[in-house]
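Hi,

Here is the structure I promised to pass on. Have a look at it first, and my notes follow below.

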Amino acid sequence: IVSGSTVRRSLLFTDVRVRQALTLAIHRRELLQLLGFAPETPLVDGVFTKRQAGHGQFPAALPYDPPRARALLEAAGWRDHDGNGVREREGKEFRFTALVTTREGVIEMAQYVQDQLRRVGVRMELQPLDQGNVREKLKSGDFEAAFAFLRQLPGWLEQDLAEARYKNSAAASVLGRLSITPDPDKLDDLYRQLTDILCTDIPVTILLPFLDTFFAHRRIQGIPPSLSLGDPIEHVEDLWLEDGSQQ
């Protein structure tokens with residue numbers, strides 16, 4: 001499942017109020033429903049370890065709040081002066097182009113986001129490309145915004161945030177410690193620290209959580225819905241086998 005991220009690249013997104021507004025404008029719970037996700041699938045605005053996922057410890061997400069989104073855009077100077085449905089500031093309309101892969105379901109997701117942003121006066125055009133071309137543009141910095149993966153594992157997480165052109169010295173310090181921290185308690189704490197930084201800066205909008213699918217025999221008990229975002233084998237202490245004679 002792709003975790004779509006609106007990436008800060010253009011000067012349109014330099015104001016944190018704008019980045020927050022774009023997140024508030026997207027009905028992510030409805031998007032999950034339209035894509036067929038389970039009702040208990042969590043919405044998140046941050047990162048988490050596999051252990052945190054296994055125990056349902058997810059960072060809270062901003063709500064869907066179009067009125068607040070419009071107010072933030074107004075406060076940042078983006079107003080629809082001529083009544084054409086598109087906000088402007090200093091003679092420049094709020095228009096940008098987002099890269100999107102041609103993988104099944106991704107363009108439909110992007111079109112949903114496109115419609116949501118249109119409702120608050122923001123125009124997002126879509127540039128469909130194959131996955132390889134999207135990766136090349138991300139690496140080169142030749143983009144305004146993109147729908148891309150934000151992988152949660154150390155190493156991959158640093159790479160994905162770097163491709164998003166995200167620069168924050170505090171975040172860089174935390175990211176540098178992730179791969180060299182074997183203690184799971186300390187690793188959980190580092191992810192919480194990084195989440196606090198990301199939720200303040202909002203360099204990305206996390207549309208979908210990164211999901212894994214596992215199959216288990218019905219005798220295995222103790223698997224809560226939240227374990228769909230973590231490997232049950234890594235949480236074996238929470239599981240037990242039901243007596244087969246009772247089946």
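Strand 3 (residues 95-101) and strand 4 run parallel and are joined by seven bridges. One of the pairings to look for is Val 100, whose bridge partner in strand 4 is Pro 128. Helix 5 (residues 106-118) packs on the sheet, where it touches both strand 3 and strand 4. The direction of helix 5 makes about 170 degrees with that of strand 4.

The sheet itself is open and is formed by three strands in the order 4-3-5, with parallel pairing. Which strands stand at the edges? They are strand 4 (123-129) and strand 5 (145-146); each has a single partner strand, so one side of each is left without a neighbour in the sheet.

Leu 34 and Met 109 are 75 residues apart in sequence, and their C-alpha atoms are 9.1 Å apart in space.

A word on confidence, as this is a predicted model. The average pLDDT of the protein is 86, and 87% of the residues score at least 70. Confidence is highest in helix 4 (residues 66-75), at a mean of 98, and lowest in strand 6 (residues 220-221), at 78. Over residues 1-9, though, the pLDDT is below 50. That stretch has 54 contacts in the model beyond near neighbours in sequence. Where pLDDT is low, the predicted coordinates should not be read in detail.

Best wishes

Technical notes
Residues are numbered from 1 along each chain as its sequence is written. This is a predicted model: local features need pLDDT of at least 70, side-chain atom pairs count only at pLDDT 80 or more; totals for chains, interfaces and linings use all residues. Side-chain values use heavy atoms; hydrogens and water are left out. pLDDT is the predictor's confidence in each residue, from 0 to 100. Helices (H or I, at least four residues) and strands (E, at least two) are DSSP runs, numbered from the N terminus. Contact means heavy atoms within 4.5 Å. Two strands pair if DSSP finds at least two bridges between them. Axes are lines fitted to C-alpha atoms, for helices over the stretch in contact, and angles run from 0 to 180 degrees between N-to-C directions.
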